[in-house]
Amino acid sequence: MKLYSERHGIRAPLEKTYSINRDMYSLILDCCKRYQKNLTHIFTLNCHHDFTDSNYVAFDEKGFITRIKIRIPSLFRDEYDRICTPAYDDEYDQYALLDLIEFFAQNIKDISERWNNEKYRNYQTIDCLNSSDIFKNFQEAINEIFTESGLLYELTDEKIIERIVENSPLTTEIESNFAAVHEVGTRELLKDAVALYKTPNSAARQDSVEKIWDALERLKTYYTTLDKKHSSEKIVNDMANGNDDFADLFNNEFKMLTDIGNKYRIRHHETNKIDITNVRYYDYLFNRCLSLIALAIQYLR
């Protein structure tokens, strides 16, 4: 539910960002820690209670810390090697925290905790269940932090973190159309390009643009019974549906995108290529190429 200042429009707009500051980091890490026991099926500590002479199961936190140290080596730790929130003068890898979220999402299972005796309560034991209904609770808790913090990330039903690109032309309908492309090579390049585009790490932006330009070049050879020139002409003619003005428009756009791919450091990396100096330019280039491909594939036969 929205708070008073939100309901009455007197709160400053929330700044949207991909940068996880230390306060956000603390909220996310605390959320993960609340679900640690749901990893007991992996990190099982078999214990013995001497007074009752009984065995019981607990969460093996030491084993968890050791495993995470190997699995996510760049996750921030303090001088005692404990997973914790960085202090304000500490450097940290925010993507390692997203790795931790995915580790939890992909491994948490339902548990049942119970006291050995409701009267004396000597110890609690954990029963690990063969279900993962708890994932929905974890997903909602993480995504709520993302939303309230203005973080442009989402924990998806596929249990991975994707970045949110506001006002992006990439829609689920376009993704479905990509998946329906018959030519395997083009389809796989488009799939990889979209996956990289959604990846939180900004270093993937360059790879996403390179992949979608590769898909554009392969698309030109879609009709394998024709050479590249005539295959491209058929694609453009089908898109234009006999309209010479639109045929010229689409021809020019294919040519312009080819020139961009050759002139800028997208598909080629020679020293005479123009470097893309701002990460935001990658989204522009990706979406420009995406728009033409998304239209073209609707006319493939």
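Trainee: Which residues lie nearest the centre of the largest pocket?

Mentor: Lys2, Glu6, Leu14, Thr147 and Glu148 do, out of 22 lining residues. A pocket here, on a 1 Å grid over the protein atoms alone, is an open set of points with protein on both sides within 12 Å along at least five of seven lines, and lining residues have an atom within 4 Å of a point. Keep in mind that this is a predicted model, where local features need pLDDT of at least 70 and side-chain atom pairs count only at pLDDT 80 or more, while totals for chains, interfaces and linings use all residues. Residues are numbered from 1 along each chain as its sequence is written, and side-chain values use heavy atoms, with hydrogens and water left out.

Trainee: How much space lies in that largest pocket?

Mentor: About 610 Å³. The volume is the space filled by probe spheres set on the grid points, which are joined across faces, edges and corners.

Trainee: And which element supplies the largest share of the lining?

Mentor: H5, with five residues. Helix H1 (4–7), helix H5 (134–149) and strand S5 (153–155) each give at least two. Helices (H or I, at least four residues) and strands (E, at least two) are DSSP runs, numbered from the N terminus.

Trainee: What's the lining of the largest pocket like by class?

Mentor: There are 10 nonpolar, five polar and seven charged residues. Nonpolar covers Ala, Val, Leu, Ile, Met, Phe, Trp, Tyr, Cys and Pro, charged covers Asp, Glu, Lys and Arg, and the others, Gly among them, are polar.

Trainee: What lines the largest cavity?

Mentor: Leu29, Cys32, Lys33, Gln36, Phe64, Ile83, Leu100 and Phe104. That makes six nonpolar, one polar and one charged.

Trainee: Switching to charges: how many salt bridges does a search of the whole structure find?

Mentor: 20. The criterion is a side-chain nitrogen of Lys or Arg within 4 Å of a carboxyl oxygen of Asp or Glu. Take Asp283 and Arg163, whose side chains meet at 2.5 Å, N to O. Asp283 sits in helix H11 (residues 279–296) and Arg163 in strand S6 (residues 161–163), so the pair links distant parts of the chain, 120 residues apart.

Trainee: Are those two buried or exposed?

Mentor: Asp283 is buried at 17% relative accessible area, and Arg163 is buried at 7%. Buried means under 20%, exposed over 50%, and partly exposed in between (1.4 Å probe, protein chains only).

Trainee: Which residue does Asp214 pair with?

Mentor: Arg267, in a salt bridge at 2.7 Å, N to O. Asp214 is in helix H8 (residues 204–219) and Arg267 in the loop between helix H10 (244–263) and H11, so parts 53 residues apart in sequence are tied together. Arg267 is partly exposed, at 27%.

Trainee: And what about Asp259 and Lys255?

Mentor: They form a salt bridge too, with the closest N and O atoms 3.1 Å apart. Both are in helix H10, four residues apart, so about one helical turn separates them. Asp259 is partly exposed at 35%, whereas Lys255 is exposed at 52%.

Note on methods: On a 1 Å grid over the protein atoms alone, a cavity is a set of points where a 1.4 Å probe fits but cannot get out, and a pocket is an open set with protein on both sides within 12 Å along at least five of seven lines; lining residues have an atom within 4 Å of a point.
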